[in-house]
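Here are my notes on the model, as numbered points. Please read them with the structure open.

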Amino acid sequence: MRIRVRYAQECLPVLNALICFYYFKLIMTISSKSASNPSTALTLAKDLVRQPSLWESHESLLGCDSADLKVSIKSHFVQTLGRDIDYASAHFLYKAVAMSVRDRLMEQWRATRTAMDNTTTRRTYYLSMEFLMGRALGNAVNNLQMDDQLRAALGELGLALEDVEQLEHDAGLGNGGLGRLAACFLDSCASLALPVVGYGLRYRYGMFRQSIDNGWQVESPDNWLSEGHVWELERPELSCHVHFGGNVEMITNLDGSVSHRWVNTDVVRALPYDVPIPGHANGVVNTLRLWSATATDEFNLNEFNAGGYTESVASKTAAENITMVLYPNDSSENGKVLRLRQQYFLVSASLQDALRVWLRNHKNFDGFAEAHCFQLNDTHPSLAVPELMRLLIDVHQLGWDEAWAITSSVMAYTNHTLLPEALECWSLNMIGALLPRPTEIIQEVNRRFLEQVRLAMPDATEVHAQMSIVSFDSVPVVRMAHLSIVGSFSVNGVAALHSQLLKAGLFKNFNALWPERFNNKTNGVTQRRWLAHCNPQLNALISPIVGAQWISQPELLVKLLPMATDAEFQQQWAAVKLANKRALAALVKERMNIDVDPTMMFDVQVKRMHEYKRQLLCVLHAVHLYLDIVNGGAHHEPRFILIAGKAAPGYHMAKAIIKLINNVADVINNDPRTAGKLVLGFLPDYNVSAMQVICPAADVSEQISTAGKEASGTGNMKFMMNGAVTIGTLDGANVEILEAVGQENFFQFGLTVDEVDAVRQTYKPAAHIASDVRLQAIFGAFDSGLFDGREPENTRTVIGAACSPHDPWLTVADLAAYLDAQANVDAAWRDRALWEYMSIVNTASSSRFSTDRTMQDYNRDIWKLTPLSIDAPAASPEKSVA
C-alpha cells in the first residue's frame with residue numbers, strides 16, 4: 001500500500017534520524033580512511049549505503065495527486081531553495097515545481113538504469129554533437145501523465161502551469177533539425193522502452209541569441225545555464241580524462257610485438273551531467289549524458305603566488321573552452337582546432353564511459369560487439385572509429401584484427417546531407433598535431449581499406465583516390481564521411497529520396513563495394529511534443545474521436561479521415577486553428593511590435609537560414625504580392641508571411657538575406673495600401689519554444705528547397721502533423737509527405753532532381769526573367785532601389801547572386817512555378833470547406849512521420865534491441881552507479 005505524504009508525518013522523524021545516522025557514520029568513516037587509501041574509502045562508501053530498505057522507503061513517501069504535489073512544491077521552495085515568497089524571483093517558483101516533478105522521475109530513472117545494467121541487455125549509445133532539447137518541464141509532465149494533478153496543485157498556490165513553463169530557459173544545445181531530431185529520437189526511444197543512452201556536450205553557451213538591429217542579425221551569448229539546470233545531475237564520480245597533443249612512442253615488447261604509447265599530452269577532465277528522458281506512461285526514464293570539459297587542476301598555485309594570476313588559470317581556461325560554445329565559428333584556424341577538439345572530446349569520453357560500464361561486469365571483451373551499437377549522428381562523431389580502436393589496442397591490449405572486428409561491428413553512421421561541401425574534411429596535419437595516435441590509426445585503417453579496394457577494383461585507380469579516407473591532395477585532408485562508412489556496419493540516409501541519391505551519387509563507389517550496408521530510415525518528429533503538448537486544444541478535439549491512446553499509437557490518427565468532410569467538425573477544427581493563430585499573433589506583437597489579423601492566411605517558413613532552403617524565394621513572392629496590391633493587379637487573399645531562422649555567424653550570404661527580408665518587410669508593413677492585405681515579418685530568436693507556438697498556427701508550410709539538396713527536413717513533418725498544408729518541391733521527405741496526403745492535398749512545384757541537373761548545363765536566369773512579366777516586375781522593383789534600405793550593396797549582393805547563371809540553387813528557374821503554386825494556394829483558401837478538409841487530411845496522414853516509427857525502423861534493421869521491462873524489484877544503489 002502506497003503511503004502518502006499527508007498520512008505519513010509520523011514516519012518522517014524516524015526516516016530523517018536514520019538518514020542522518022548513516023550519513024554521519026559514512027562521513028566519519030570515509031574521513032578517517034580516505035587520506036591513506038582512497039580506494040578503500042570508496043569501497044566503504046558503497047558498503048555503508050547498501051541499505052535497500054532505507055533507500056526504497058523514502059521513495060514511497062512521494063505521491064502524485066494534487067495535495068502531494070502542493071506539499072512538495074512548497075517544501076522545495078522554502079526548504080530546498082530557502083526562499084521567501086516576498087523576496088524570491090519567479091524563477092525559483094519554476095525550480096520548486098520542476099524539482100517536484102523531477103522527484104517523481106527518480107525511482108523510474110534508477111530502475112531503468114538497473115535494467116540496462118543487466119549483462120544480457122544489448123544497448124545503443126547515440127552520439128551527437130547536438131541535442132536541441134527545448135524546455136523539459138512540460139514534456140516531463142505530459143509523459144508522466146501528471147498534467148491535471150499539477151494544474152490543480154498550482155491552482156491552489158495561485159499559479160498557472162503555462163506561466164511556470166515560460167520561466168524555463170530553452171536548452172539550446174543544437175543548431176536546427178539535426179539537434180531537434182536527436183531530441184525526438186531520445187523521446188521515442190524512451191517511450192518505446194528501448195535501452196538507448198544519448199551522449200552529447202554540455203555547452204556553457206548554447207545556440208546564440210538572435211536580435212535584429214537595422215535589419216541585420218546580431219548575435220549574443222545564450223547563457224542558458226545562468227540560473228542552473230534543475231534537470232541535470234552532476235556525476236563527478238564518473239569523470240574520465242581526454243588527451244590532446246603530445247607524441248607517440250613505439251615500444252618493442254619482449255615477444256617482439258610493438259606497442260604504442262601516447263605521451264606528453266595535455267589532459268582534460270570530462271565531467272558528466274545526466275539528464276532524464278522520460279518515456280510516455282511506461283515507467284522508463286532513459287539518460288542523456290552531457291560532458292563538460294574541466295581542467296585536471298583548477299589553477300597553478302605557484303604561478304598565482306608569484307603574481308601570474310592570468311597564467312595560473314590558463315590551463316583551466318583552455319580546458320573549459322572545449323565546451324564553452326556550441327559550434328564555434330570555424331572560419332579561422334583556431335576555430336577549426338576548437339571544433340575538432342569538441343568532436344574528439346565527445347567521442348573519447350563517451351567511449352571510455354561505455355567501456356567502463358562493460359568492464360564493471362566483464363573481465364574481457366568477449367560478447368561486447370553483440371551487446372552494443374554506437375549510432376553516429378552525422379560525421380561529427382566519426383572520430384569514434386579510431387578512438388575505439390585506440391582504447392581497445394593501446395589501453396586494453398587487444399590485437400588489431402580483434403579490435404577492428406569489434407569496432408566495425410558496433411559503429412553505425414547516419415548521413416544528414418547531400419551537400420559535398422557539408423561533408424567534414426579536416427587537414428591531416430591539423431589532426432596529426434592535435435591527435436597524433438588517432439591519426440596513426442586513421443592512416444592504418446586507410447592503408448588496409450585501400451588494399452581491399454584494389455582487390456575489388458584493380459583497374460579503377462581514379463576510384464581508389466575518390467574513396468580514400470585520406471585524400472591524395474598535395475595538402476591531404478581526412479574525409480570524415482569516408483572514415484564513418486569504412487568503420488561502420490550500417491550507413492543510412494534520412495529520407496527515401498536522400499538515401500537513393502546517396503547511393504547513386506555521393507557514395508556510389510562505397511555502395512558498389514558494400515551495398516548491404518546502405519539503408520534508409522526516414523526521419524520523424526515526436527507527436528508527444530509536436531502535437532499533444534504544443535497543441536492542447538487540437539489534442540482535446542481529436543482524442544474523443546480517435547482515442548486518447550493515439551499519443552503512443554499515432555497510427556490511430558487515420559481515424560480522422562472520415563471526419564474531414566463533416567461540416568460541424570470542420571468548424572471545430574477551424575476554431576482551434578484560429579485560437580492558435582491568436583497565440584502566434586500575440587508572440588509576433590511581443591517580439592516584433594507588428595499587429596497581425598489572425599483571420600489572415602498564416603504562410604510560414606521557419607528553419608535554419610541557408611541559401612539552398614531558399615528563404616529568398618519566399619521573399620520574392622512577398623514582393624510579387626505587394627506589387628499586385630499597390631498596382632491594382634490580381635486579387636490575393638489576405639496573407640501573413642512569417643520567416644524565422646538563424647544564420648551561422650560566419651555565413652555572410654545568409655545574414656545578407658535576413659537583412660533583405662527585413663528591408664522588404666519594412667516597405668510592405670509601412671505602406672497603408674497593404675493594411676489588412678499583406679504582412680511580412682522576420683521573427684527574431686527562433687527556438688524550440690517559439691516553434692511550439694508557430695507550428696499549431698501555420699496554415700501553409702513552406703518547404704521550398706532546391707530539389708536534391710534537403711536530406712529530409714523535420715519542420716515539414718511538424719507542420720503537417722498540426723494541419724498545415726505544404727507548398728513544396730520534390731525534395732527530402734516532401735516526397736513522402738506528398739505520397740501520404742495525395743497530390744490534391746499538397747501544392748507541388750519546381751524542378752525535379754533530374755531536371756535540376758539538366759537545367760544547370762545551360763542555365764540562363766535572364767531568359768527566365770525576360771519570359772515572365774511577373775518576374776520582370778519583381779526584379780525591376782529591386783533594380784529601382786525600392787528595397788535597398790539605404791544599403792544598396794546588400795541588395796545587389798543577394799539579388800545578383802540569384803540572377804547569376806552560376807547560382808547553384810536555381811532560385812529564378814523555379815520562381816514562376818512557385819508563383820503559380822501560390823495562386824493555387826489562394827484559390828484553395830477561398831473555399832473554406834476545401835481548406836479545412838485538406839488540413840484534416842494532413843493531420844490524419846501524419847503517423848508515418850512519427851519518430852516512434854523511425855525508431856522502430858532503426859531497431860528492426862540496425863540496433864536489434866529488446867525493449868526494457870521495468871517491473872523488476874528496485875536494485876540497490878551500487879547497481880545503479882552508471
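1. Burial first, since several points below rely on the term. Buried means under 20% relative accessible area, exposed means over 50%, and partly exposed lies in between (1.4 Å probe, protein chains only). Helices (H or I, at least four residues) and strands (E, at least two) are DSSP runs, numbered from the N terminus. In helix α24 (residues 536–546), the buried residues are Leu538, Asn539, Leu541, Ile542, Ser543 and Val546. They pack against α23 (527–533) and α25 (567–592).

2. Ground rules. This is a predicted model; local features need pLDDT of at least 70, side-chain atom pairs count only at pLDDT 80 or more, and totals for chains, interfaces and linings use all residues. Residues are numbered from 1 along each chain as its sequence is written, and side-chain values use heavy atoms, with hydrogens and water left out.

3. Confidence. pLDDT is the predictor's confidence in each residue, from 0 to 100. The protein has a mean pLDDT of 90, and 89% of its residues reach 70 or more. Residues 1–36 stay under 50. The model gives that stretch 38 contacts beyond four places in sequence (contact means heavy atoms within 4.5 Å). Residues 44–60 are also below 50 in pLDDT, with 28 contacts in the model beyond near neighbours in sequence. Please treat both stretches with care.

4. Overall make-up. The secondary structure comes to 37 helices and 24 strands. Of the 882 residues in the protein, 58% are buried. Take the contacts between residues at least 6 apart in sequence: 77% of them join residues at least 24 apart.

5. Strands β9 (residues 247–252) and β10 (residues 258–263) run antiparallel, joined by six bridges. Two strands pair if DSSP finds at least two bridges between them. Ile251 stands opposite Ser259 in β10. Five residues lie between the two strands of this hairpin, and Gly256 in the turn has a positive phi of about 95°.

6. Most residues other than glycine have a negative phi. Asn264 has a positive one, about 55°. Asn264 sits in the loop between β10 and β11 (266–278). Is Asn264 buried or exposed? Asn264 is exposed, with a relative accessible area of 61%. Arg790 also has a positive phi, near 65°. Its loop runs between α33 (773–783) and α34 (792–802). Arg790 counts as exposed because its relative accessibility is 77%.

7. Aromatic pairs. Rings of Phe, Tyr and Trp (its six-membered ring) pair if their centres lie within 6.5 Å; planes under 30 degrees apart count as stacked, over 60 as edge-to-face and the rest as tilted. By this rule there are 23 aromatic pairs. Phe449 and Phe510 form a stacked pair, at 5.9 Å centre to centre and 10° between the planes. This pair links distant parts of the chain: Phe449 is in helix α18 (residues 436–456), Phe510 is in helix α22 (residues 508–513), and they are 61 residues apart. Both Phe449 and Phe510 are buried. The rings of Trp829 and Trp835 have centres 5.2 Å apart and planes at 75°, so this pair is edge-to-face. Trp829 and Trp835 are both buried.

8. One aromatic cluster is formed by Tyr125, Tyr199, Trp291, Trp358, Phe365, Phe368 and Phe374. A charge sits over a ring if NZ of Lys or CZ of Arg is within 6 Å of the ring centre and within 35 degrees of the ring normal. Lys581 lies over the face of Phe602, 4.8 Å from the ring centre. Lys718 lies over the face of Trp530, 5.0 Å from the ring centre.

9. A buried glycine. Gly179 is in helix α9 (residues 177–191). Gly179 counts as buried because its relative accessibility is 0%. Not counting residues up to four places away in sequence, Gly179 touches Glu130, Phe131 and Leu132. Gly179 and Leu132 are 47 residues apart in sequence, yet 4.5 Å apart in space, C-alpha to C-alpha.
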